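Please keep the sequence and the structure in view while reading.

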Amino acid sequence: MKRKVITSILVATMLAASLSTAGFAAEAETEAVIEGDFSEMQWGFIVGSFEHVFYQNVAKGIEEQCAALGLSEDQYDVTDCNLEADKAINAIQNFTANKCNAIALACNDAAGCVPGINEAANNGVAMFNFDSKADDLTNVISFVGTDNYQGGVLGGEELIRLTEDGDTVAIIGNPESVSTQDREAGALEALGKADRKVLSGYNYQGDANIAQDIMETILVSNPECAAVFCAGDPAATGALAAIKAAGSSCVIVGFDGNPEAKEALLDEENGKYWVSEIAQDAVGIGKGIVNQMAKYFTTGEVDAQVIMIDPYIITAENAAE
């Protein structure tokens, strides 16, 4: 089984010591190399979509940690499911047919992926989950991902910091993914504690062009909109284009920590609008799920069934780090 070649894109990674998980330090579990005999391992990984830089970086972390464990390239395969449950289930079935003894996947459709997880588990495959959590973890040995709800809280707090009482703010979300649902919910919780008019309930479907259209509509009906929280960097990219075209002074808080966010924050012109970013450790998520798989096959245990890595804030002041 040959792994798909992934384009490696450098993403700024903050000090691991600043990140925390449920029950153990992120640095120890994403960077440590587990000792053991993995010669009989055959592992499959299903990321959301190779079109997204975030998932390219998750795949990079998976590949790096598999190599660090000594797995040869024909012992693991990284594929994507285009964010669709049916394709994820097909990939699970293909990995099962190819005698994988462990499969890890991002459940962008939290409920839709569960039947595939259960079927594989019933066939003796050790099932793991990363980034987007499955609705039912009964047959999931361990999940590793960003605490997206807390990331949304940070995003909402940034909207409050950047605006004044009575201002209008917006959230461009994506209810098709549990991760982005959590981000919007966290932002709404934070904003509920402040005096802001909040525009929400939008769906950019992971598409920057749709996000641009949404932002244009917001600015037509609410030209006073002072700030927008975007539940993913593609949404922030689309919002940036709409804000500049409208001549608005609305500022953007993005989410992901992708290279385009860092570039925008540091750019003299775009940095006037894209002023804050909620970042997640994509490479660390990839390495973390591989390490939980390695621990399971060497000790029969994992550190925890649910392991959350806290997101953090990037601005122009620390983007270069």
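Predicted model: local features only at pLDDT ≥ 70, side-chain atom pairs only at ≥ 80, totals over all residues.

## Aromatic pairs

A search of the whole structure gives six aromatic pairs. In one of them, the ring centres of F229 and F255 are 6.3 Å apart and the planes stand at 65°, so this pair counts as edge-to-face, a label that requires an angle over 60 degrees. F229 and F255 are both buried.

Y296 and F297 also form an edge-to-face pair, with 5.3 Å from centre to centre and 85° between the planes.

## A charge over a ring

An aromatic ring can also be found beside a charged group in this model, as F143 shows: the charged end of K133 sits over the ring of F143, at 5.6 Å from the ring centre.

## Salt bridges

The structure contains seven salt bridges. One of them joins the side chains of D165 and R196, with a distance of 3.0 Å from N to O. D165 is in the loop between helix 5 (148–162) and strand 6 (168–173), while R196 is in the loop between helix 6 (178–191) and strand 7 (197–203), so the bridge ties together parts that are 31 residues apart in sequence. D165 is exposed, with a relative accessible area of 60%, whereas R196, at 12%, counts as buried.

Another salt bridge brings together the side chains of D256 and R183, at 3.8 Å from N to O. Because D256 lies in strand 9 and R183 in helix 6, this pair ties together parts that are 73 residues apart in sequence. D256 is buried, with a relative accessible area of 8%, and R183 counts as buried at 5%.

A further salt bridge is formed by E269 and K272, whose closest N and O atoms are 3.2 Å apart. Here E269 is partly exposed, with a relative accessible area of 34%, and K272 is exposed, with 51%.

How values were computed
Residues numbered from 1 in each chain as written. Heavy atoms only, no water. Phe/Tyr/Trp six-rings, centres within 6.5 Å; stacked < 30°, edge-to-face > 60°. Buried < 20%, exposed > 50% of the residue type's maximum accessible area, 1.4 Å probe, protein only. Lys NZ or Arg CZ within 6 Å of the ring centre and 35° of its normal. Salt bridge = Lys/Arg side-chain N within 4 Å of Asp/Glu carboxyl O. Helix = DSSP H or I, 4+ residues; strand = E, 2+ residues; numbered from the N terminus.
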